[in-house]
Amino acid sequence: MRFLSTHRRHPLAGYAVLLFGLLLAGALYAAFAPGKADADTANDPAAIEEGRELFLVGCASCHGMNAEGVMTVSGGNYGPSLVGVGAAAVDFQVATGRMPMAQSAPQAPRKKPVYTQDETDALAAYIASLGPGPAVPDEEYTDVSEISQEELTRGGEFFRTNCTACHNSVGAGGALPSGRFAPSLQGVSGRHIYEAMQTGPQQMPVFSDKVITPEDKRAIIAYIKNVQAQPQAGFGGGGLGPVVDGMFAWIIGIGGLVAVAVWLAAHGARVKKKRS
């Protein structure tokens with residue numbers, strides 16, 4: 001006991017305790033940190049070289065020869081820097097046809113892809129090699145075929161809390177300021193929904209894996225798919241709710257009655273005056 005008491009007061013004892021605390025904190029974080037989706041081909045030299053060749057032909061005119069971006073005279077840019085955006089951002093933008101853009105606009109709409117999936121993977125590998133960034137998610141985080149009811153409920157809570165303000169309660173999308181819009185999620189793959197949350201394309205905020213874990217992202221995807229699979233009720237007001245259905249009923253119902261009344265007034269029996 002005297003030995004321990006003596007060494008406890010050693011001048012280096014405080015540093016030793018601090019070092020031990022840091023090591024313990026690091027070990028605990030590594031053990032309990034949320035899982036990461038880390039599937040990508042950034043370490044494949046052949047894919048990187050193929051991706052660079054595709055990039056120089058189809059992307060460099062806007063994003064620069066080394067993906068550093070191209071500035072305009074006014075201080076804007078033709079295309080932003082892609083260093084550090086990660087493979088997930090490339091896969092989302094290119095595989096959904098948003099890139100390359102057909103023309104300059106406030107927002108790039110989804111359209112038919114220009115590149116095949118293999119070419120998209122090569123482009124993603126090249127961009128991922130330029131700097132660390134979000135990777136293309138593993139299938140285990142986008143496959144919702146075996147989702148539990150508890151996960152589905154949790155996904156609904158996350159979606160209603162974070163997404164409905166822009167995307168609508170059923171993912172039908174909606175208008176935003178300055179010519180932008182939140183696109184419809186109808187028909188969007190789970191992989192691209194995950195990547196959108198992870199990278200924050202256009203005006204969408206970024207929901208990194210530390211903000212919403214991969215498991216919770218999977219639950220959100222499952223909720224979206226579940227809602228879209230349900231039959232459309234009411235008059236088909238885009239899932240906006242009973243107020244919109246009531247508005248349609250009022251416009252069509254009352255408008256129809258007014259139209260009939262006008263037609264009857266114009267074509268009804270007329271009383272002719274007798275000639276004297």
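Modeller: We'll take charges, rings and salt bridges in turn. Keep in mind that this is a predicted model.

Biologist: Charges, then. Which residues gather in the patch of negative charge on the surface?
Modeller: There are E49, E50, E53 and D118. They sit together on the surface as a negative patch.

Biologist: Which helix gives the largest share of that patch?
Modeller: Helix α3, residues 45–58. It supplies three residues of the patch.

Biologist: New topic: rings. How many aromatic pairs are there?
Modeller: The count is two aromatic pairs. F55 and Y126 make one of them, and that pair is tilted. Their ring centres are 5.5 Å apart, with 50° between the planes.

Biologist: Which helices does that pair link?
Modeller: F55 is in helix α3 and Y126 is in helix α6, residues 117–130. The two residues are 71 apart, so the pair links distant parts of the chain.

Biologist: Is F55 buried or exposed?
Modeller: F55 is buried, because its relative accessibility is 1%. Y126 is buried as well, at 4%.

Biologist: And why is the pair of F159 and Y223 called tilted?
Modeller: Their planes stand at 45°, so the pair is tilted. Stacked would need under 30 degrees, and edge-to-face over 60. The ring centres are 5.6 Å apart.

Biologist: Where do F159 and Y223 sit?
Modeller: F159 is in helix α7, residues 149–162. Y223 is in helix α10, residues 214–229. They are 64 residues apart, and the pair links distant parts of the chain. F159 is buried at 2% relative accessible area. Y223 is buried at 14%.

Biologist: On to salt bridges. How many are there?
Modeller: Six salt bridges are counted. Side chains of opposite charge can pair when their charged atoms come close.

Biologist: What is the N to O distance between D91 and R191?
Modeller: It is 2.9 Å, and the two side chains meet in a salt bridge. D91 is in helix α5, residues 86–95, and R191 is in helix α9, residues 190–199. The partners are 100 residues apart.

Biologist: Is D91 buried or exposed?
Modeller: D91 is buried, with 0% relative accessibility. R191 is partly exposed, at 29%.

Biologist: What does E195 do with R191?
Modeller: E195 forms a salt bridge with R191, with the closest N and O atoms 3.7 Å apart. Both lie in helix α9, four residues apart, about one turn of the helix. E195 is buried, at 0% relative accessible area.

Biologist: One last pair. Which helices hold D216 and R154?
Modeller: Their side chains meet in a salt bridge at 2.6 Å, N to O. D216 is in helix α10 and R154 is in helix α7, 62 residues apart. D216 is buried at 13% relative accessibility. R154 is partly exposed, with 25% relative accessible area.

Terms used
Residues numbered from 1 in each chain as written. Predicted model: local features only at pLDDT ≥ 70, side-chain atom pairs only at ≥ 80, totals over all residues. Heavy atoms only, no water. Patch = residues over 30% accessible without salt bridge, like charges linked within 9 Å, V, L, I, M, F, W, Y side chains within 5 Å. Areas by Shrake-Rupley, 256 points an atom, 1.4 Å probe, with all protein chains shown as cover. Salt bridge = Lys/Arg side-chain N within 4 Å of Asp/Glu carboxyl O. Lys, Arg positive; Asp, Glu negative; His and termini not counted. Charge placed at Lys NZ, Arg CZ, Asp CG, Glu CD. Phe/Tyr/Trp six-rings, centres within 6.5 Å; stacked < 30°, edge-to-face > 60°. Buried < 20%, exposed > 50% of the residue type's maximum accessible area, 1.4 Å probe, protein only.
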